[in-house]
Amino acid sequence: MSTYEPTETLDVKGLSCPMPVVKTRGAVDDLESGEILQVVATDSGSMSDLKGWADSTDGVSMLDQEEAEEDGDAVFRHLIQKE
Amino acid sequence: MSSDADAPVDAGAASVEDLRAQVQALQEEVSDLREATDDDGQKSMTIIATKGTLDMAYPPLILASTAAAFGWDVVVFHTFWGLDILHEEKSKNLKLSAVGNPSMPMPNAVAALPFMDNVATSMMEKKIQENGTATVEELIETSLDMGVDLQACQMTIELMGYDEAEFYDGVTTGVGAATALQHMADADVQLMI
């Protein structure tokens, strides 16, 4: 995860489907080509959903995903690059 | 074994001319077909939303906003009770039915009591809030922001006695079954909810 330096971070903690994907779309639209967005979510479904979204959407790629712990809660971090 | 159709091609000069003409005709046909299918890789989805209960408002709106995030061209055609989802006032007061739902933690005889729909609705609303699930209103605003075409069937607007001004700004009115079918015919995904 540390090998990529995110340009922006989107915090969608506490939000559930479909908001993590929907808000990620909006945040990616604001990026320049080559920039990286870090999405931090608490929705465990975001692991599959954001991967699926990135894989079938033109112009974005999922660089990395990881599950971590923050203040005792599980958080899911996603690194998405705008191509 | 041999027939005119699969006879070997005559390599004479006239045949080469014929083949050139055939190749050109085929190229034109392919080009026309490409244009006709307008295939820029964009997928398209049409959803017909017919229900106006709190639980049934979610699937069309969640799928529509997510599909818009995928860059799809999305139409949700709301008809009959599905209109209530787009009705600014009614959408904030959608109810959950306690009767006829085996997932409810109560027998139908109890669920049929006059106040039980309100109890079930309050329970659901509390869960929605606790879970960080978006409200119906938020999903409508989000869908509209993302370019989803939320359509309100004109015939049922009149049948239900609604006024076009009562719907959210950005909702398409003045459309009917033909408009929905036209979009469905070209859509990759068609759903009736």
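Student: In this predicted model, what makes B:Leu61 count as touching B:Val136, B:Leu139, B:Ile140 and B:Ser143?

Tutor: Two residues are in contact if their C-beta atoms, placed from the backbone, lie within 7 Å. B:Leu61 meets that cut-off with B:Val136, B:Leu139, B:Ile140 and B:Ser143, leaving aside residues up to four places away in sequence.

Student: Which residues of the largest nonpolar core touch the most other members?

Tutor: The core has 56 residues, and those touching the most other members are B:Leu61, B:Ala64, B:Ala68, B:Val74 and B:Val76. Helix 2 (residues 54-69) of chain B gives this core its largest share, ten residues.

Student: How do you know that strand 2 and strand 4 of chain A pair?

Tutor: Pairing requires at least two bridges. Strand 2 (residues 36-41) and strand 4 (residues 73-82) of chain A are joined by six bridges, so they pair, and they run antiparallel. As one of these bridges, A:Val40 has A:Arg77 in strand 4 as its partner.

Student: Why are strand 1 and strand 3 of chain A said to stand at the edges?

Tutor: The open sheet of four strands in chain A has the order 1-2-4-3, with mixed pairing. Strand 1 (8-12) and strand 3 (60-70) each have a single partner strand, so one side of each has no neighbour in the sheet. Neighbouring strands of this sheet are turned by 20 degrees against each other on average, direction ignored.

Student: Which helices of chain A lie across strands of this sheet?

Tutor: Helix 1 (residues 19-29) lies across strand 1, strand 2, strand 3 and strand 4, at about 155 degrees to strand 1. Helix 2 (residues 46-55) of chain A lies across strand 2, strand 3 and strand 4, at about 170 degrees to strand 3.

Technical notes: Residues are numbered from 1 along each chain as its sequence is written. Chains are lettered from A and ligands numbered from 1 in the order in which they are written. This is a predicted model: local features need pLDDT of at least 70, side-chain atom pairs count only at pLDDT 80 or more; totals for chains, interfaces and linings use all residues. Helices (H or I, at least four residues) and strands (E, at least two) are DSSP runs, numbered from the N terminus. Axes are lines fitted to C-alpha atoms, for helices over the stretch in contact, and angles run from 0 to 180 degrees between N-to-C directions. A nonpolar core is a set of buried Ala, Val, Leu, Ile, Met, Phe, Trp, Tyr and Cys residues joined through C-beta atoms within 7 Å. A residue is buried if 20 or more other C-beta atoms lie within 10 Å of its own, exposed if 12 or fewer, and partly exposed in between; C-beta atoms are placed from the backbone.
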